[in-house]
Amino acid sequence: MDLENKIKVGIRGISGLLGMRLALAIQKQPDMALTAGIARNDESLKRIVDGSHNFWPRPIYLDEPHIAVRELSILYPNFYFEPADQLNFSKTCDVVVDTASPGSRQKWD
């Protein structure tokens with residue numbers, strides 16, 4: 001099934017425990033595709049870049065200042081990072097699931 005016929009899913013908080021589990025589950029669904037992931041530069045992001053999974057969306061959008069995104073791109077050249085303010089949900093996703101910690105969604109609303 002091509003991407004046009006799949007449900008395109010974005011996950012805010014993709015590097016957290018719930019976000020990672022959801023990402024793994026989406027990868028197993030033939031009618032769904034993980035098209036966007038939003039993360040913060042914290043310990044949970046290190047699990048992604050140091051882990052063995054290779055299913056992460058490209059790019060991973062970082063909810064960080066642009067300079068931090070550039071620094072992480074240099075530090076982890078096998079990953080493609082973009083600033084989260086560059087993400088256009090309406091073009092990238094059919095649905096977005098917010099798995100990030102409570103109290104951190106105000107600017108996303």
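Author: What follows goes from the sheet to the helices, and then to some single residues. Keep in mind that this is a predicted model.

Reader: Let us begin with the sheet. In what order do the five strands stand?

Author: The general idea comes first. Strands of a sheet pair through backbone hydrogen bonds, and the pairing is either parallel or antiparallel. Here five strands make an open sheet, ordered β4-β3-β2-β1-β5, with parallel pairing. At the edges stand β4 (81-83) and β5 (95-98), each of which pairs on one side only. From one strand to the next the twist averages 30 degrees.

Reader: How many bridges join β1 to β2?

Author: Six bridges join these two parallel strands. To find one of them, look at I11, whose bridge partner in β2 is G37. Strand β2 is also mostly covered, with seven of its eight residues buried.

Reader: And how many bridges are there between β3 and β4?

Author: Strand β3, residues 60-62, pairs with β4 in the parallel sense over three bridges. Within this pair, Y61 stands opposite E82 of β4.

Reader: Now a helix. Which residues of α1 are buried?

Author: Helix α1 spans residues 17-27, and its buried residues are G19, M20, A23 and I26. These four are on the same side of α1, because they cover an arc of only 125 degrees around the axis. The other side of α1 has L17, L18 and R21, which are exposed.

Reader: Which residues of α3 are buried, then?

Author: In α3 they are A68, V69 and L72. Their arc around the axis is only 100 degrees, so they lie on the same side of α3. On the face turned away from that buried side are the exposed residues I67, R70 and I74. Among the elements covering the buried residues are α2, β3 and β4.

Reader: How does α3 run relative to β4?

Author: Helix α3, residues 66-75, lies across β3 and β4, and its angle to β4 is about 175 degrees.

Reader: Where is T99 placed, and what does T99 touch?

Author: T99 is in the segment after β5. T99 counts as buried because its relative accessibility is 15%. Not counting residues up to four places away in sequence, T99 touches I11, R12, G13, I14, L18, G19 and L22. One distance can be checked on screen: a polar atom of the T99 side chain is 3.1 Å from the backbone oxygen of G13.

Reader: How should I read a pair of aromatic rings?

Author: Such a pair is described by the distance of the centres and the angle of the planes. In this model the count comes to one aromatic pair. F79 and F81 form that pair, which is stacked, with 6.0 Å from centre to centre and 15 degrees between the planes. Both residues, F79 and F81, are buried.

Reader: One last feature. Is the peptide bond from R58 to P59 cis or trans?

Author: In general, most peptide bonds are trans. The bond from R58 to P59 is cis, with omega near 0 degrees. To locate P59, look in the loop between α2 and β3.

Notes:
Residues numbered from 1 in each chain as written. Predicted model: local features only at pLDDT ≥ 70, side-chain atom pairs only at ≥ 80, totals over all residues. Heavy atoms only, no water. Pairing = 2+ DSSP bridges. Axes fitted to C-alpha atoms, helices over the stretch in contact; angles between N-to-C directions. Contact = heavy atoms within 4.5 Å. Buried < 20%, exposed > 50% of the residue type's maximum accessible area, 1.4 Å probe, protein only. Arc of directions from axis to C-beta. Polar contact = N/O pair within 3.5 Å; in protein donor to acceptor, adjacent residues only side chain to side chain. Phe/Tyr/Trp six-rings, centres within 6.5 Å; stacked < 30°, edge-to-face > 60°.
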